[in-house]
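Here is a short briefing to read alongside the model. Take a look at the structure first, and then we can walk through it together.

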Amino acid sequence: MSTEAPPDAFVAIEAVDFGYGAEAIVDAVDWAIPRGAFHCLVGRSGSGKTTLLKLAAGLLAPQRGLVRIDGVPLDGPGPRIGFVFQQPTLLDWLSVLDNVLLPLSLKRSLQEADRETARALLERVGLSAFAARHPAQLSGGQQSRVAVARALITQPALLLLDEPFAALDALTREELQDDLAALWALQATTVLFVTHDIGEAVYLADRVAIMAGGKLHHDLAIDLPRPRSRAMRYGPAFNALCRELRQAMDAAP
Amino acid sequence: MRERLASALLLVALLAGWEAWCRLGRVPALIVPAPSSVFATLWGEIASGRLLPHLAVTATEMTLGLALGCAVGLATGVLLAEAPVLRRLLHPYIVASQVVPKLALGPLFIIWFGFGLTPTIVITALICFFPLMENTLTGLSQVDSGRRELFRMLGASRLQTLLRLKLPGALPVILAGFRVAVVLALVGAVVGEFIGGRAGLGASIIAAQSVMDSSLMFGGCCCATI
């Protein structure tokens, strides 16, 4: 893996170590994401991919190494980074609209324009009719959509997603992947997406890496044309990429 | 609706059974009075205007004691949940102090605060304090770690995390503590009056054995309003 981050890297992870005691969770990882790119990390559970994502978010501090966002060393979570967790983690006592507005309402008092922005985002994820409902009245897929809308309300320069669709059924997952790809194309956000689903990674990403045992192993550019369509999932090029990643995953220690 | 009707019928059946048992079994009225005579006595007390002042005194003691105990309990719970050092330092002693039978402190409180409302309010507050504090502490420490991480990610301050995440999230647990406190407040107020009250339901129960049943009645009314 290249140790020298390219000059146009928006996110630069440089020789980052993290562990508990003697056990290394993330082991000397180098990674660079150009501005506006969509990168995926694929790995089994326990491979350290969630930890790496939290390091990139500033939720954890690396024991060695450095994370730079736009050239500036990261020293904690900030408003420029949006994070979508494995669980939707919505607040049950707030309406869907207020959940989406939460990141803004923690910073300042809300304007009517903010509510308009939130409604527009909800419309884009197909939930405009649900703005007044409470999270308990939504399905799992709808809750995940609200979580994505909430992460995008601050128009973050970097969006980090930690297996956000892992708990959903396959059909809903495909719909959400299409929605996310469409939102990404609109917002020009840099994305790092962590998943254990190879197909999901190939479908969404410009570049995919395999993570195993705390290290990044295989780095593959996905040169499928955009926008990607559902028919592509069954094409030979798609399957060849999936097979290559699968073999790399099996070969990884 | 049918369940409510059934439970109302159950009450009527129980009262009728009680009445029949007293009349047919020739139970002495001194030991178990029939419901009809209980209602008659109660009505007499209400009609003569003797009961209402006592009710007002007990309700005042209960409300003030509940408010004081809950406010202090909530504040202590929040403080201990937010400051782990204080929690480790104080929590064992607070739990241990709950072993002290608070009603037995009644005579001491009469020496400290004199006769009247104050000792009973203090006893009631002491009884209400613990369920509120313990449930607040538990509720606040049980907030889902994912949501806490979300608030960290959003750069929320400690006060924002407390007011907008922890307290709303813990509200069901805190309210469960409050319901326990309400029930205990009634016990505290009435038994407090047993010890040192000159007015109130407890004092009137002590004063007149025939009014014994009114506490039962009052308990029923209270539960209904809550």
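Over how many bridges do β1(A) and β2(A) pair, and in which sense? The two strands pair over eight bridges, in the antiparallel sense. Please keep in mind that this is a predicted model.

- β1(A) and β2(A) form a hairpin, with two residues between the strands. In the turn you will find A:G21, which has a positive phi of about 65°.
- To follow the pairing of these two strands, look at A:F18, which stands opposite A:V26 in β2(A).
- On to another pairing: strand β1 (residues 9–20) of chain A is joined by five bridges to strand β4 (residues 64–69) of chain A, and the two run antiparallel. Here A:V11 is opposite A:I69 in β4(A).
- These strands belong to an open sheet of four, in the order β2-β1-β4-β5 (chain A), and the pairing is antiparallel.
- Why is one side of β2 and of β5 of chain A left without a neighbour in the sheet? β2 (23–34) and β5 (72–73) stand at the edges and each has a single partner strand, so one side of each has no neighbour there.

**The six-stranded sheet of chain A**

- Another open sheet is formed by six strands in the order β6-β7-β8-β3-β9-β10 (chain A), with mixed pairing.
- Its edges are held by β6 (81–84) and β10 (215–221) of chain A; each has a single partner strand, so one side of each is left without a neighbour in the sheet.
- On average, and with direction ignored, neighbouring strands of this sheet are turned by 15° against each other.
- For a parallel pair, see strand β7 (residues 158–162) of chain A and strand β8 (residues 190–195) of chain A, joined by five bridges. In this pair A:L161 stands opposite A:F193 in β8(A).

**Chain B and its helices**

- Chain B has ten helices and zero strands. Along the sequence, the pattern is α-α-α-α-α-α-α-α-α-α.
- Of the 226 residues in chain B, 33% are buried.
- Among contacts in chain B with a separation of 6 or more, 74% come from residues 24 or more positions apart.

**How α5 and α6 of chain B cross**

- The axes of helix α5 (residues 106–113) and helix α6 (residues 117–141) of chain B come within 8 Å and cross at roughly 135°. That angle makes α5(B) oblique to α6(B).
- The crossing of these two helices is right-handed.
- α5(B) brings B:G106, B:F109, B:I110 and B:F113 to the contact, while α6(B) brings B:T118, B:P119, B:V122 and B:I123.
- By class, the residues of the contact of α5(B) with α6(B) are six nonpolar, two polar and no charged.

**Where the chains meet**

- The contact takes 13 residues from chain A and eleven residues from chain B.
- On the side of chain B that touches chain A, α7 (145–153) and α8 (158–196) of chain B each supply at least two residues. Which helix gives the most to this side? That is α7(B), with six residues.
- This side of chain B has five nonpolar, three polar and three charged residues.

Notes: Residues are numbered from 1 along each chain as its sequence is written. Chains are lettered from A and ligands numbered from 1 in the order in which they are written. This is a predicted model: local features need pLDDT of at least 70, side-chain atom pairs count only at pLDDT 80 or more; totals for chains, interfaces and linings use all residues. Two residues are in contact if their C-beta atoms, placed from the backbone, lie within 7 Å. Ala, Val, Leu, Ile, Met, Phe, Trp, Tyr, Cys and Pro count as nonpolar, Asp, Glu, Lys and Arg as charged, and the others, Gly among them, as polar. Two strands pair if DSSP finds at least two bridges between them. A residue is buried if 20 or more other C-beta atoms lie within 10 Å of its own, exposed if 12 or fewer, and partly exposed in between; C-beta atoms are placed from the backbone. Axes are lines fitted to C-alpha atoms, for helices over the stretch in contact, and angles run from 0 to 180 degrees between N-to-C directions. Angles under 35 degrees count as roughly parallel, over 145 as roughly antiparallel, 65 to 115 as roughly perpendicular and the rest as oblique. A crossing is left-handed if the near helix is turned anticlockwise from the far one by less than a right angle, and right-handed if clockwise.
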